[in-house]
Amino acid sequence: MSAVEDVVTEAPAVEAVPKRAMTLGFGTSLVMLALLLLVPLFVKNFIIFQLTMLLIYGLAVLALNILTGGSGQFSLGQSAFYAVGAYTSAILMEHADMNYALTLPIAGIICFAFGFLFGQPALRLSGVYLALATFALATAMPQLLKLGFFEHWTGGVQGLVVTKPDAPFGLPMSQDMWLYYFTLAITVGIYVASVNLLRSRSGRAFMAIRDNEIAASAMGVDVALYKTLAFGVSAGITGVAGGLGAIAVQFVAPDGYTITLAISLFLGMVVGGVGWLPGSIVGSAFIIFVPNIAEGISKGLSGAVFGVLLFLVIFLVPHGARQVAMVAQQLIGKLKK
Amino acid sequence: MPAIHLRLGAFSAALALLAATSSASLAQKKYDTGATDTEIKIGNIMPYSGPASAYGVIGKTEEAYFRKVNAEGGINGRKITFISYDDAYSPPKTVEQARKLVESDEVLMIFNSLGTPPNSAIQKYMNQKKVPQLFVATGATKWNDPKEFPWTMGWQPNYQSESTIYAKYILKSKPDAKIAVLYQNDDYGKDYLKGFKDGLGAKAASMIVMEESYEVSEPTIDSHIVKLKSTGADVFFNITTPKFAAQAIKKNAEIGWKPLHFLNNVSASIGSVIKPAGFDNAQDIISSNYLKDPTDQQWKNDKGMIAWNEFLDKYYPEANRADASVMYAYTVAQGLVHVLKACGDDLSRENIMKQAASIRDLELGGLLPGVKVNTSATDFAPISQLQLMKFKGDHWDLFGEIINADVGG
């Protein structure tokens with residue numbers, strides 16, 4: 001078997017997902033949105049804060065989903081982009097007294113550039129090798145943030161404390177609730193944009209690359225450009241999520257953005273269903289709430305319990321939330337008949 | 001989810017009503033959220049998982065100690081409910097857990113949460129909410145700042161006060177010393193180094209011939225030791241965590257470098273540092289402490305040590321008695337019990353901070369004889385006394401007086 005044949009017959013890294021199966025139906029989306037809009041009115045501030053974090057991690061998982069589910073590239077380095085976004089927002093808010101809302105597009109742009117540049121050398125790598133290269137980025141990031149050279153801005157190991165914004169125009173809502181709706185608006189905006197991106201020419205190019213690189217380039221897709229572009233978009237969205245995270249948590253420190261975060265995001269993507277964008281929220285819920293459940297079951301063995309739960313999910317529903325949703329859809333279809 | 005929380009809301013409203021009526025009938029009793037006639041709810045956050053999970057034993061020991069307090073009748077008739085959550089040493093998770101404790105579990109205070117970055121992450125929140133963040137488990141100097149953060153208080157002697165003590169000792173006993181420093185490249189190492197330089201004052205620049213740093217992720221620090229030896233320094237200040245401290249002591253002996261060796265108290269444990277490094281290699285090392293080292297034979301018949309052993313036998317038999325964290329947790333839990341007793345029937349958050357800030361000469365069984373806990377409205381560093389000690393044979397010989405070194409944040 002020649003080398004060329006070898007490449008061609010190699011199974012694609014990510015299973016092909018039909019375009020329509022990547023999103024939710026219009027009606028279901030509206031129901032979800034209504035739920036997300038109404039729930040905060042009935043719960044405590046602490047739950048609202050958790051829901052805000054749910055949306056923020058959901059965004060970060062979504063970004064990874066575009067990269068892996070969309071263009072078929074792996075990344076274990078999302079925590080690095082998340083950290084850059086968080087620090088960009090925090091530094092602009094605390095040192096330059098900038099409005100929190102304005103820091104987010106800047107965080108997004110900086111991360112987009114960072115991801116695009118990182119995508120260049122990453123072009124030469126694929127599959128597990130690419131995963132390792134991004135892994136290196138994730139391990140290096142907390143160390144870089146501690147460097148004495150940046151310490152004046154980053155606060156070194158001590159981190160930076162961020163001021164939480166009040167609701168504008170004298171709206172009668174708590175800081176948490178305002179931040180939740182602010183995050184929700186951004187999340188919905190980015191979600192809609194992502195869905196449209198994947199339905200567009202560029203999205204088709206991403207998926208063509210994912211399914212078969214050689215075939216894609218034969219059809220005239222600029223593989224190098226679209227691969228780096230996917231990295232850039234993914235990093236940009238992660239950066240916005242990081243910025244929002246910094247505002248919600250009110251604190252940034254190198255210890256918050258270790259490799260554990262990158263692995264959590266990766267895990268969220270797998271649990272939510274690779275390539276299924278709405279699954280990002282489910283994946284995010286998994287990485288936020290399941291550790292708490294595990295801790296509730298056994299304090300000393302929380303890690304082991306978490307492992308068992310994760311194993312069960314992967315074993316029973318290997319395609320994550322997407323599989324569950326599809327089964328549910330079939331059941332509903334049967335009931336209608 | 002909404003229905004459940006509405007019900008919870010109604011329940012807590014009923015509770016609040018109950019609390020309101022009961023406090024009306026007994027005018028002198030005062031409660032904030034988390035305290036009632038029968039219960040005091042204490043929150044705690046520990047890294048039970050993750051890179052710092054070795055410290056999780058502190059939370060377990062505290063839980064055992066409060067079980068003992070409850071078994072003996074509680075505090076002024078009230079039982080302690082100790083709710084401890086895992087944050088895996090990740091600041092965003094700490095914020096989530098702190099909010100859960102304050103807003104969902106409705107604790108009276110958060111006690112002895114561990115680590116500098118996690119505590120930094122929640123400091124502002126706790127002070128905004130006016131919930132005590134009492135006796136935090138970190139040696140950073142910044143917790144002693146009652147003006148900016150009146151709801152946050154430290155516990156153990158901070159790193160800067162300790163290294164100031166070494167600096168003063170060097171200035172007195174070896175004024176022409178050439179000093180080599182090895183430190184861990186993080187907040188802990190830098191805090192120590194700063195205190196040391198401040199202590200040496202104007203002479204710091206001329207006396208310190210080399211500052212070498214290492215990363216926690218390095219497998220061994222041997223090469224740093226060789227480099228430090230080559231400077232010809234005759235004093236060595238060893239700012240390292242236990243694993244590296246043992247390596248440094250061993251390597252020093254191997255390459256025949258015999259400077260006057262100062263070891264930070266973080267790594268003064270005989271069980272986890274000196275013994276693995278070898279008693280012969282560790283002779284004449286100088287360090288300092290405020291706690292009794294349970295592996296040190298000289299305390300075998302000490303009253304405080306016997307009480308500690310009895311407590312562990314009954315309530316936490318599986319504890320590793322060579323672990324200094326167990327002694328630490330025991331002592332800080334006693335400190336909290338002292339504060340709660342002093343509060344009497346006024347368990348408002350304000351009164352807790354007030355009582356915590358008016359501890360006078362409190363002596364606890366686990367502290368070295370002569371070390372006393374002292375606080376005031378302007379001094380939020382409860383323990384700021386240490387005693388120097390020199391390693392002789394198989395134990396630490398305490399020498400000199402108890403030294404007071406208060407450093408503000």
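**A walk through the two chains**

Mentor: Helices (H or I, at least four residues) and strands (E, at least two) are DSSP runs, numbered from the N terminus. This is a predicted model, in which local features need pLDDT of at least 70 and side-chain atom pairs count only at pLDDT 80 or more, while totals for chains, interfaces and linings use all residues. Residues are numbered from 1 along each chain as its sequence is written, and chains are lettered from A and ligands numbered from 1 in the order in which they are written.

Trainee: Is Tyr100(A) buried or exposed?

Mentor: Tyr100(A) is buried, because 20 other C-beta atoms lie within 10 Å. The cut-offs are 20 or more other C-beta atoms within 10 Å for buried, 12 or fewer for exposed, and partly exposed in between, with C-beta atoms placed from the backbone.

Trainee: Which residues is Tyr100(A) in contact with, leaving aside its neighbours within four places in sequence?

Mentor: Those are Met93(A), Pro165(A) and Ile247(A). Contact here means C-beta atoms, placed from the backbone, within 7 Å.

Trainee: And how many residues of chain A are in contact with chain B?

Mentor: 25 residues of chain A are in contact with 25 residues of chain B. On the chain A side, the elements giving two or more residues are helix 3 (45-71), helix 11 (223-249) and helix 14 (302-316). Helix 3 of chain A gives the most, with 5 residues. By class, that side of chain A has 11 nonpolar, 10 polar and 4 charged residues. For the classes, Ala, Val, Leu, Ile, Met, Phe, Trp, Tyr, Cys and Pro count as nonpolar, Asp, Glu, Lys and Arg as charged, and the others, Gly among them, as polar.

Trainee: Let's switch to chain B. What is the strand order in the open sheet of 4 strands?

Mentor: The order is 3-2-4-5 in chain B, and the pairing is parallel. Strand 3 (79-86) and strand 5 (133-134) of chain B each have a single partner strand, so one side of each is left without a neighbour in the sheet. Two strands pair if DSSP finds at least two bridges between them. Strand 2 (residues 39-46) and strand 4 (residues 109-111) of chain B pair in the parallel sense over 2 bridges, and Gly43(B) has Ile110(B) in strand 4 as its bridge partner.

Trainee: What about the loops, where does Ala88(B) lie?

Mentor: Ala88(B) lies in the loop between strand 3 and helix 3 (91-104) of chain B. Its phi is near 55 degrees, a positive value in a residue other than glycine. Ala88(B) is buried, with 23 other C-beta atoms within 10 Å. Asn112(B) also has a positive phi, near 60 degrees, and its place is in the loop between strand 4 and helix 4 (116-129) of chain B. Asn112(B) is buried too, with 27 other C-beta atoms within 10 Å.

Trainee: How does strand 12 of chain B pair with strand 13 of chain B?

Mentor: Strand 12 and strand 13 (residues 395-404) of chain B pair in the antiparallel sense over 7 bridges, with Lys390(B) opposite Asp397(B). They form a hairpin with 2 residues between the strands, and Gly393(B) in the turn has a positive phi of about 65 degrees. Strand 10 (residues 286-289) of chain B also pairs with strand 12 in the antiparallel sense, over 4 bridges, and there Ser288(B) stands opposite Leu388(B). As for cover, 6 of the 8 residues of strand 12 (residues 385-392) of chain B are buried.

Trainee: Last topic, helix packing. At what angle do helix 9 and helix 10 of chain B pack?

Mentor: Helix 9 (residues 242-254) and helix 10 (residues 270-277) of chain B pack at about 25 degrees, with their axes 8 Å apart. Axes are lines fitted to C-alpha atoms, for helices over the stretch in contact, and angles run from 0 to 180 degrees between N-to-C directions. That makes helix 9 of chain B roughly parallel to helix 10 of chain B. Angles under 35 degrees count as roughly parallel, over 145 as roughly antiparallel, 65 to 115 as roughly perpendicular and the rest as oblique.

Key. Two residues are in contact if their C-beta atoms, placed from the backbone, lie within 7 Å.
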